[in-house]
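User: I'd like to learn how to read the strands and helices in a model like this one. Can you walk me through it, one feature at a time?

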Amino acid sequence: MMASPDPKALQHGGALDAAIARHGGARADWLDLSTGINPTPPRLPDLDAALWQRLPEAGLEREALAAARRCYGAPDTAGIVAAPGTQALIAALPHLFAPTNVAILTPTYSEHALTFAAAGHRISRFARLEEVAGTARIVVVVNPNNPDGHVFEPAELLALADRLAARDGLLVVDEAFADVDGTRSLAPCTGRDGLLVYRSFGKFFGLAGLRLGFALTTPALAAQLGERLGTWAVSGPALAIGAALLGDDALVAETRAGILRQHGLLRATLRAVGLPLVGGTSLFATVAHPGAHDLFAALCRRRILTRPFQTPGDWLRFGNPADGAVAARLETALRAALAEIDGAP
């Protein structure tokens, strides 16, 4: 009988506390590969102790926004807003529109559909851009997509944004995994009507707990999002760290190179044990296996947490290992887990 993962494991990944409660062990025993987050964050900058004592100041926010705009290549004409993680932006955006038709790429990050539906919007789903119905006023695309890594070309997305703008609509492009290869990013095209781009700080820098993300769009829509988030939405320490890291070109390049090395280790490990790749990005890889939920459970018994899916139920996602030693541990565990569930070598 196929194992049934804890419901928390099927949401987003990262629920290590739930995995420990269900499968045992101490936190130090576990290897968490359930999220697409850089496992080797850079050294944090030294912060003025007063940042922890006072409310975030406007000048600090301007510095963070300027660093983000420059790092992401957004033009001066674009509006930009910072938030305590892109999840806060994803939750806020649906409330800026009266209920309408929203088309969402599938399979993809589930929170887009959940937040639009919770705000009263009508949801339809599509797998290819040509399937987007002319009745959709808002279209949501994750590029590159999570969890299959599918990439849309900028020209086709911009053409869709123009069609939506003509009927006062909006294309939302979630670029949470675009930092390593930004050649297809639409951030440089923001500021035009009909386009909004999300960028995630925490995934690339491995600082998801900092809670920092950005939306790039028209100045008017950025202002509306900022009002919805409210005053002092992002903490002073988060703004200071964001400004320092996003503004350091050498650090960004070093981080990018490190992630690519990690991902090479991951792909080599999965190939070595014969797991077929469905796709992925530079921060994760998704494989297919008919007993994916059993494999998930077998890895949990070996204190390795991955990301299963309800649909498709034969997919399993792996985040990058930090180094060769972690990759070797993963390979050993995968060989034993596969042998346990289906006799693989």
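This is a predicted model: local features need pLDDT of at least 70, side-chain atom pairs count only at pLDDT 80 or more; totals for chains, interfaces and linings use all residues.

User: Which sense do E5 and E6 pair in, and over how many bridges?

Analyst: The general idea comes first. Strands in a sheet pair through backbone hydrogen bonds, and the pairing can be parallel or antiparallel. Here E5 and E6 are parallel, with 5 bridges between them. E3 also pairs with E5 in the parallel sense, over 3 bridges. In that pairing, Ile104 stands opposite Val140 in E5.

User: How do I read the side chains of E5: which point one way and which the other?

Analyst: In a regular strand, side chains alternate between the two faces of the sheet. On E5, Ile138, Val140 and Val142 point one way, while Val139 and Val141 point the other, and all are buried.

User: What is the strand order of the whole sheet?

Analyst: Read across, the order is E2-E8-E7-E6-E5-E3-E4, an open sheet of 7 strands with mixed pairing. The edges are strand E2 (79–83) and strand E4 (122–126); each has a single partner strand, so one side of each has no neighbour in the sheet. From one strand to the next, the twist averages 20°.

User: How does E4 join E3?

Analyst: Strand E3 (residues 101–105) runs parallel to E4, and 5 bridges join the two. To find your place, look for Asn101: its bridge partner in E4 is Arg122.

User: Which helix packs on the sheet, and which strands are touched?

Analyst: Helix H7 (residues 219–229) does, touching E2, strand E6 (170–174), strand E7 (195–200) and strand E8 (213–217). The direction of H7 makes about 20° with that of E2.

User: Now for helix against helix. At what angle do H10 and H11 pack?

Analyst: Two packed helices are described by the angle between their axes and the distance between those axes. For helix H10 (residues 292–301) and helix H11 (residues 324–342), the angle is about 130° and the axes are 9 Å apart. That makes H10 oblique to H11. The crossing of H10 past H11 is right-handed.

User: Which residues make that contact?

Analyst: From H10 you have Asp294, Leu295, Ala298, Leu299 and Arg301; from H11, Ala333, Leu334, Ala337, Leu338, Glu340 and Ile341. Sorted by class, the contact has 8 nonpolar, no polar and 3 charged residues.

User: How many residues of H10 are buried?

Analyst: 8 of its 10 residues are, so H10 is largely enclosed by the rest of the structure. The buried ones are Ala292, His293, Leu295, Phe296, Ala297, Ala298, Leu299 and Cys300. They pack against helix H1 (16–23), strand E11 (304–305), strand E12 (307–308), strand E13 (315–319) and H11. Just past the end of H10, look at Arg303, which takes a positive phi of about 65°.

Terms used. Residues are numbered from 1 along each chain as its sequence is written. Side-chain values use heavy atoms; hydrogens and water are left out. Two strands pair if DSSP finds at least two bridges between them. Helices (H or I, at least four residues) and strands (E, at least two) are DSSP runs, numbered from the N terminus. Axes are lines fitted to C-alpha atoms, for helices over the stretch in contact, and angles run from 0 to 180 degrees between N-to-C directions. Contact means heavy atoms within 4.5 Å. Angles under 35 degrees count as roughly parallel, over 145 as roughly antiparallel, 65 to 115 as roughly perpendicular and the rest as oblique. A crossing is left-handed if the near helix is turned anticlockwise from the far one by less than a right angle, and right-handed if clockwise. Ala, Val, Leu, Ile, Met, Phe, Trp, Tyr, Cys and Pro count as nonpolar, Asp, Glu, Lys and Arg as charged, and the others, Gly among them, as polar. Buried means under 20% relative accessible area, exposed over 50%, partly exposed in between (1.4 Å probe, protein chains only).
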